[in-house]
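These are my notebook entries on a structure that is new to me. I record below what I looked up, entry by entry.

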Amino acid sequence: MKILKVIAIIALVVLVGIQFVPTEPNQNDVTPQTDFMLVNEVPIAIQNQLKVSCYDCHSNNTNYPWYNKVQPVAWFLENHIKEGKSELNFNEWKNYSDRKKNSKLRSIIKQIENGEMPMDSYTLIHKGAKLDSLAKNEIINYMNNLKIKN
Amino acid sequence: MKTIKRSIRTVALVATMILTVSCKDANKNEAPSSASNEVMQENMDSSKNMAMNNSQNAMAEAILKDYFNLKDALVGDENDKAKMLGGTLAKSLGNLDKSTYSESQQKELIDIIEDATEHAEHISESDIKHQREHFKILSKDITDMVAITGTATKLYEQFCPMYDGGTAWLSTKEEVRNPYYGSKMLKCGKVQREIN
């Protein structure tokens, strides 16, 4: 019984302690000129959908949920966002070579088609991020037209 | 008093669970960074070897060799082997010596290598379905690379009309062995172009 108490106290102290470890939030007020929306003429409906469904992890600006204030949740999200941005960062679109743009467009289309993106763990909490078949089709058609022919 | 004890126990349990999860994440993070250090080290080693090798296209030939090994693994439906070979290819792509090419060719080669490396890296960590999706674009990248670097080997560009609206790949042999379907449709496709 005593051991349990000690463990409980240690766990509590650690849990409280990690709350003070700072994380660097993925937030920026300015949208860079290289952003996907600024480089392409994206219809408003698709703009809004992409912002809600993709931009939290695939841009330099995340619209954080309240629980991001709690560790270790914040670390978990930080990793997710870091990984997401290294795969695809819509803010950097203009800097991508034509070849890379086409590759990314293909991946976007494939992953939306197969329902791999947005991720289930994300849409579970962000209900608005889930794409219905209409939204999927709209985005896929739009992305298909962006492909650079060669 | 009993309820307090019980609630402390619950808190402890929850806290330990959360901590275990976060530790796991932290481990995951560390693993790739040490792996990439190794990769860098190996890259440096092999670029030293390259300096001793006078053949201009030796590295392009090495890339092709790794690409064909990867292709054969996909033909054989070998997911794990393809993972390993994807990693090998990603490394050799980084070693291509671009200095002997014109400025515009160099720029194109940089784009090709960047894209191909990303696909090879994905292949090194995906299931076979995704490996084949990435192999499609990788094949285009490698074909475009060969158009610039050339090769001493005779190559066959083969084409399967069924996979993803029609898809090409390269092979050193004339007979068709399909890397996109493997044993399911081993011989689907035809030679659409000969290189050299």
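In which hand, left or right, does helix 3 of chain B pass helix 4 of chain B? I note at the outset that this is a predicted model. I found that the crossing of helix 3 of chain B with helix 4 of chain B is left-handed.

I then looked up the geometry of this pair. The axes of helix 3 of chain B and helix 4 of chain B come within 7 Å and cross at roughly 155°. Angles over 145 degrees count as roughly antiparallel, and helix 3 of chain B and helix 4 of chain B are therefore roughly antiparallel to each other.

I next listed the contacts between them. Helix 3 of chain B contributes residues including Ala82(B), Gly86(B), Leu89(B) and Leu93(B). Among the residues they meet in helix 4 of chain B are Ile113(B), Ala116(B), Ala120(B) and Ile123(B).

I turned to the nonpolar cores. The largest has 38 residues, and Phe135(B), Leu138(B) and Ile142(B) touch the most other members. Helices 2, 3, 4 and 5 and strands 1 and 2 of chain B each supply at least two residues of this core. Helix 2 of chain B gives the largest share, nine residues.

Not counting residues up to four places away in sequence, Phe135(B) touches residues including Tyr67(B), Leu70(B), Ile123(B) and Trp169(B). I also recorded a second, separate core of 21 residues, among them Val42(A), Leu50(A), Cys54(A) and Met143(A).

Last, I consulted the annotation. An unreviewed UniProt entry lists "domain: Haem-binding" for residues 12-147 of chain A. Over residues 12-147, chain A is 54% helix and 0% strand, and the end C-alpha atoms are 53 Å apart.

Key. Residues are numbered from 1 along each chain as its sequence is written. Chains are lettered from A and ligands numbered from 1 in the order in which they are written. This is a predicted model: local features need pLDDT of at least 70, side-chain atom pairs count only at pLDDT 80 or more; totals for chains, interfaces and linings use all residues. Side-chain values use heavy atoms; hydrogens and water are left out. UniProt positions are given in the numbering used here, feature names are shortened, and annotations may be inferred rather than shown by experiment. Helices (H or I, at least four residues) and strands (E, at least two) are DSSP runs, numbered from the N terminus. A nonpolar core is a set of buried Ala, Val, Leu, Ile, Met, Phe, Trp, Tyr and Cys residues joined through side-chain atoms within 4.5 Å. Buried means under 20% relative accessible area, exposed over 50%, partly exposed in between (1.4 Å probe, protein chains only). Contact means heavy atoms within 4.5 Å. Axes are lines fitted to C-alpha atoms, for helices over the stretch in contact, and angles run from 0 to 180 degrees between N-to-C directions. Angles under 35 degrees count as roughly parallel, over 145 as roughly antiparallel, 65 to 115 as roughly perpendicular and the rest as oblique. A crossing is left-handed if the near helix is turned anticlockwise from the far one by less than a right angle, and right-handed if clockwise.
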